[in-house]
Amino acid sequence: MGLINRIVQGLEVTHEPNLTLTEQLITNDDLLPVEPEKRTWRGYNYVAFWMADMFNINMWVIVSSMIQIGMSWWQAWICVWLGYGITTPFLVLNARPGAVFHVTFPIVNRTSFGMFGSLWCVFNRAAMACIWYGVQANIGGSCVLVMLRAMWPSINDLRALHLMFPVYIQLRLGNSKFNASVLWNEHSRFHVLLPLLAHFAAGYLVPCAQGVSELNPSYECGHRATFLSRHFFLAIPILMPMASITFLIWCVVKAHGIGPIVHQPSKLHGSKLAWAMVVSSMSCIANKVTLVTNAPDFASRARTPSAALYPQLFTFPLTASFVCLIGILVSSSSQAIYGTVIWSPMQLLGNFLNDNPSNATRFGVWFISASFVIAQMGCVKYNVTNISANSVSAGCDLTALFPRFINFRRGGYIAAAVGLAMCPWNIMKNSNEFTSYLSAYTVFQSSIAGVMVTEYYIIRKGHYNVKDLYNIEKGSWYWYTYGINFRAYTAYIAGILINVVGFAGATGRIVPLAATRIYELSFFTGFGVSALVYWALNRAFPVVGAADTFKEIDVSGYEYEAGSSTGLEETAIDTKDVGSETASEK
């Protein structure tokens, strides 16, 4: 047993000594409210964040799928405005608790689902982060492949690689003549390992940027990483527009002007066009629904609540529409250039390398693909696509699931490993499978968001008890019934059930048309039903701390004590006297 105890202790993350097992299960340094000196994000940081996050291939792929199903460029752009315009207020609403009380999504979720009930929601979000991590890494891998082809055109015939992968060669080709292109074509995924390895390296710096690195917890490490990440972050919105606009101009020149691109008529009409636009708009919403759910993760670093409000409110839809317009025109240009719609921008860019390209062409392809590699991978802290939206989110969520053994860095590593293991390239086989995947997880995420927003704005009306977010004693605000709020789970399940028949139809079952239409509106039906049911149940069974007037206040008077997980016990207000318990919770 002595050896086992030493192994367990070696796997534990840094924590305060003499904590009970229960205390270790509900908190560690990464789950506490963000310290005042680490609340460094101003408005321009959020502007730069969304500009950097939007410039990624995933955004282009979604709008390319709209062109592929037969929409004209302007119809697809309307869908973009509708989708991301609708997403914006939900994102800002759900980010507010994080900006005001400086806590992350796993902790905010405790307010509505309970201390232990929140674990399922956190696991759900962590799973989505891992899957998205793999998808984004796979997209980054396609960028790497195009970049390598631009640098070394002979990469498809490197016979020396036979010595590096003998087992793979025997399994795939037997004794036949080896061609290294098998290792680098769209069916094999060795190139995906390159961005994943880069993500692992970047993941090492994420905790430094947070100031919680267990390998080097010094102030200098956190300060330097934060400085580098924030300023690198500001450089991305300069590099990516340059690469994207260059790609667009190149496509327009190859198409012999903008006319052949914008004059392509729609192939859809009537109700088919209307529902195609609805589904496409919902795909845009689904693309960001995970960020709506875990918006407190990013808002928790805001210097002031307003820093996470107005910059996101305006930058999010405007940047999305600009980036998607470029993607729409680039995708439409493939029809004019090659006679068919190519939904993957990297496949289109790779076609430029066919037929003995010039050195200038190779450099242009290299520059564009290298820029997108940076956009897909990101760097250190809350940066661009994969580190910002997936690694940090997975780190926060997995930390909440296993706070005794997992911190931000380890969570990021786990996300990368799981992202590769789930074979993300199967999701990216074609546009239909990709959009079906987007719609599927919207069902689960929208129901969680509906409960969280209703809890904050309608039930407790901005009143928080930060101390009780780490308290599992009976009678605390978020203990509910043995740590689970059954009102929230009833509402959550109701939001899923209204879409479950349509979800079965999406898997190939024959279902009524009405169920399919409801499923196509899954974000609104899931969010709306869960919010309504949660409100009704709270009216019937009031909770501790329910308020009559809206006021954003922490009734516990909690103040963060740097470096202490036990400072929670030092607040002066006894919150057990606030509100009244329901009969089922006594």
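Which residues in helix 21 meet which residues in helix 22? I'll start there, with the reminder that this is a predicted model.

From helix 21, the residues are Ile498, Asn499, Val501, Gly502, Phe503 and Ala506. On the helix 22 side, they meet Ala515, Thr516, Ile518 and Tyr519. By class, that contact has 7 nonpolar and 3 polar residues, and no charged ones.

Now the geometry. Two packed helices are described by the angle between their axes and the distance between the axes. Helix 21 covers residues 486–506 and helix 22 covers residues 513–520. Their axes come within 7 Å, and the crossing angle is roughly 105 degrees. Angles of 65 to 115 degrees count as roughly perpendicular, so that is how helix 21 and helix 22 stand to each other.

Next, salt bridges. Side chains of opposite charge can pair when their charged atoms come close. The count here comes to 5 salt bridges. One of them joins the side chains of Asp53 and Lys288, at 2.7 Å from N to O. Asp53 sits in helix 3, residues 43–54, and Lys288 in helix 13, residues 270–293. The two are 235 residues apart, and the pair links distant parts of the chain.

Last, the surface. There is a nonpolar patch of about 520 Å², made by Trp81, Tyr310, Leu313, Phe314 and Leu318. Which helix gives the most to the nonpolar patch? Helix 15, residues 310–338, with 4 residues. Tyr310 is in that helix 15.

That covers the helix pair, the salt bridge and the patch.

Methods:
Residues are numbered from 1 along each chain as its sequence is written. This is a predicted model: local features need pLDDT of at least 70, side-chain atom pairs count only at pLDDT 80 or more; totals for chains, interfaces and linings use all residues. Side-chain values use heavy atoms; hydrogens and water are left out. Patches are made of residues with over 30% relative accessible area and no salt bridge: like charges are joined within 9 Å, nonpolar side chains (Val, Leu, Ile, Met, Phe, Trp, Tyr) within 5 Å. Accessible areas come from the Shrake-Rupley method with a 1.4 Å probe; for residues, only the protein chains shown count as cover. A salt bridge is a side-chain nitrogen of Lys or Arg within 4 Å of a carboxyl oxygen of Asp or Glu. Axes are lines fitted to C-alpha atoms, for helices over the stretch in contact, and angles run from 0 to 180 degrees between N-to-C directions. Angles under 35 degrees count as roughly parallel, over 145 as roughly antiparallel, 65 to 115 as roughly perpendicular and the rest as oblique. Contact means heavy atoms within 4.5 Å. Ala, Val, Leu, Ile, Met, Phe, Trp, Tyr, Cys and Pro count as nonpolar, Asp, Glu, Lys and Arg as charged, and the others, Gly among them, as polar.
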